[in-house]
Amino acid sequence: MKHKRADDEAVSEIVGTILLLGITVSLFSVICGIVLSYPFSPSSPSTNLVGMVEGEYLLIEHRGGKALDLGTKVSLTIGDNMSEIKAVGDYLSNESKEDNLWGIGEWFVYQDSNITGKKVGIAVVDVESDSVILIETFQGSEGC
Amino acid sequence: MRKMENSDDAVVGIVATFLIVGLIVTVISMIQAVYVPEWMEQTEADHMEVVADQFSQLKFAIDTQSAIKEPNTPISTSITLGNKELPFLTSSRAYGSLDILSDECIVTITNDSGSVLYPLGIIKYSSANAYFLNQAYICEAGAVILSQSQGNTISIKPAFSVSYGYGSDINISFTIINISTIGEKRSIGGYGTYPIQTEFSDNDTTVFPDVKNITIDTNYQNAWQKFINNTLINSGLNHHSYGANFSISVDDDSMILKFTNSTTVNLKLKYVKINAQIAPGWIIDVKGVSKNL
């Protein structure tokens with residue numbers, strides 16, 4: 001009668017190969033998942049904005065860089081009041097809006113007598129990239 | 001004859017290798033397609049900020065020389081023309097050029113005696129970016145102007161001031177800078193940092209009574225129009241209660257400031273000539289003969 005002989009010689013190679021394959025498949029799946037689900041949303045635009053308060057006027061000037069959409073939002077907080085959201089396009093001159101963009105040398109002009117003497121907080125949010133591109137707090141002057 | 005045998009022994013290794021190679025290619029492609037342009041755009045935008053800072057230093061040097069009026073005292077500032085590509089992956093360098101251009105801007109003063117023209121030279125930096133939008137910084141008539149495809153604006157204001165009280169004459173003081181050059185060192189291009197040397201040469205002050213028009217022939221008329229309009233209005237001119245004092249119009253290559261007949265304007269115009277050279281090796285002008293140091 002012929003006896004069966006126990007043989008474990010190939011076990012570690014098989015286990016190693018299965019582990020290697022498992023790790024590779026897992027990594028590949030994870031990376032593919034990340035890449036395919038990546039929203040590819042644009043990054044925050046490289047734009048220079050300068051804000052200031054003069055009397056009852058809040059002014060924000062576009063000082064170069066990428067032109068912004070007219071839908072760009074300005075969140076405005078005057079004193080202890082709740083924030084108000086303004087669209088840039090509503091506060092540019094007609095000439096500035098001709099190209100449907102907020103570009104270099106163009107001014108956002110917001111007039112409100114409540115600004116005088118109060119703390120004014122602004123946050124400019126680019127809608128396309130959903131990012132804050134200017135955040136600032138001013139102490140409004142008392143005016144004449 | 002040796003027989004070929006079917007065997008699946010190496011299949012797992014090959015599959016694993018393919019997957020690993022695929023993984024690496026996917027990651028590199030993603031970085032190259034998505035992240036490299038964003039990194040490079042940000043790098044070029046940062047470089048433009050550096051140029052803006054360097055132009056403010058150049059303007060400071062020119063203003064200092066205009067104030068102290070000391071000839072034969074050159075001051076060096078530097079401009080970084082471009083920036084390098086990433087040391088890994090595929091990206092492009094950004095280049096730039098720096099030029100001293102003669103007679104690019106003409107300021108014309110018109111009054112009852114006639115018109116006087118002041119042709120002015122400028123210093124101009126132009127970028128050749130690969131990712132970020134192209135910009136130009138221009139030192140013109142004492143102002144620093146930022147220009148890009150959508151328009152232009154005055155980045156650093158010139159010495160232009162207005163004093164006015166209702167019922168009185170309008171007194172305007174305007175300092176214009178003429179950038180001139182000796183020899184041929186007037187243009188450079190590349191991506192490194194290069195010096196630009198400036199030196200006071202000459203100045204002259206003229207008072208023009210009863211000025212009717214101030215015209216600036218320039219490629220950046222919108223920047224000048226906005227700046228002068230804001231300055232005059234902030235000084236109390238064209239106040240709705242007192243009627244119009246001035247009007248500003250622009251055409252393809254000039255900005256024209258016209259004062260109304262009922263307005264009396266006295267202009268104190270300071271003309272300053274600054275010699276400038278790009279690249280090392282200062283050339284001095286000895287009685288009309290250029291001498292290379």
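This is a predicted model: local features need pLDDT of at least 70, side-chain atom pairs count only at pLDDT 80 or more; totals for chains, interfaces and linings use all residues.

Modeller: Residues are numbered from 1 along each chain as written, chains are lettered from A, and side-chain values use heavy atoms, without hydrogens and water.

Colleague: Which residues make the nonpolar surface patch?

Modeller: Patch residues have over 30% relative accessible area and no salt bridge, and nonpolar side chains (Val, Leu, Ile, Met, Phe, Trp, Tyr) are joined within 5 Å. Here A:L20, B:I20, B:I24, B:I28, B:W39, B:F88 and B:L89 make a patch of about 610 Å². Helix α1 (residues 11-68) of chain B gives the most, with 4 residues.

Colleague: Where is B:F88 placed?

Modeller: B:F88 is in the loop between β1 (75-80) and β2 (95-111) of chain B. With a relative accessible area of 43%, B:F88 is partly exposed, a class between buried (under 20%) and exposed (over 50%).

Colleague: In what order do the 5 strands of the open sheet in chain B stand?

Modeller: Strands pair if DSSP finds at least two bridges between them. The order is β1-β10-β14-β8-β7 in chain B, with mixed pairing. β1 and β7 (160-163) of chain B each have a single partner strand, so one side of each lacks a neighbour in the sheet.

Colleague: In which sense do β1(B) and β10 of chain B pair?

Modeller: They pair in the antiparallel sense over 6 bridges, β10 being residues 193-208. B:T77 stands opposite B:I196 in β10(B).

Terms used
Patches are made of residues with over 30% relative accessible area and no salt bridge: like charges are joined within 9 Å, nonpolar side chains (Val, Leu, Ile, Met, Phe, Trp, Tyr) within 5 Å. Accessible areas come from the Shrake-Rupley method with a 1.4 Å probe; for residues, only the protein chains shown count as cover. A salt bridge is a side-chain nitrogen of Lys or Arg within 4 Å of a carboxyl oxygen of Asp or Glu. Helices (H or I, at least four residues) and strands (E, at least two) are DSSP runs, numbered from the N terminus. Buried means under 20% relative accessible area, exposed over 50%, partly exposed in between (1.4 Å probe, protein chains only).
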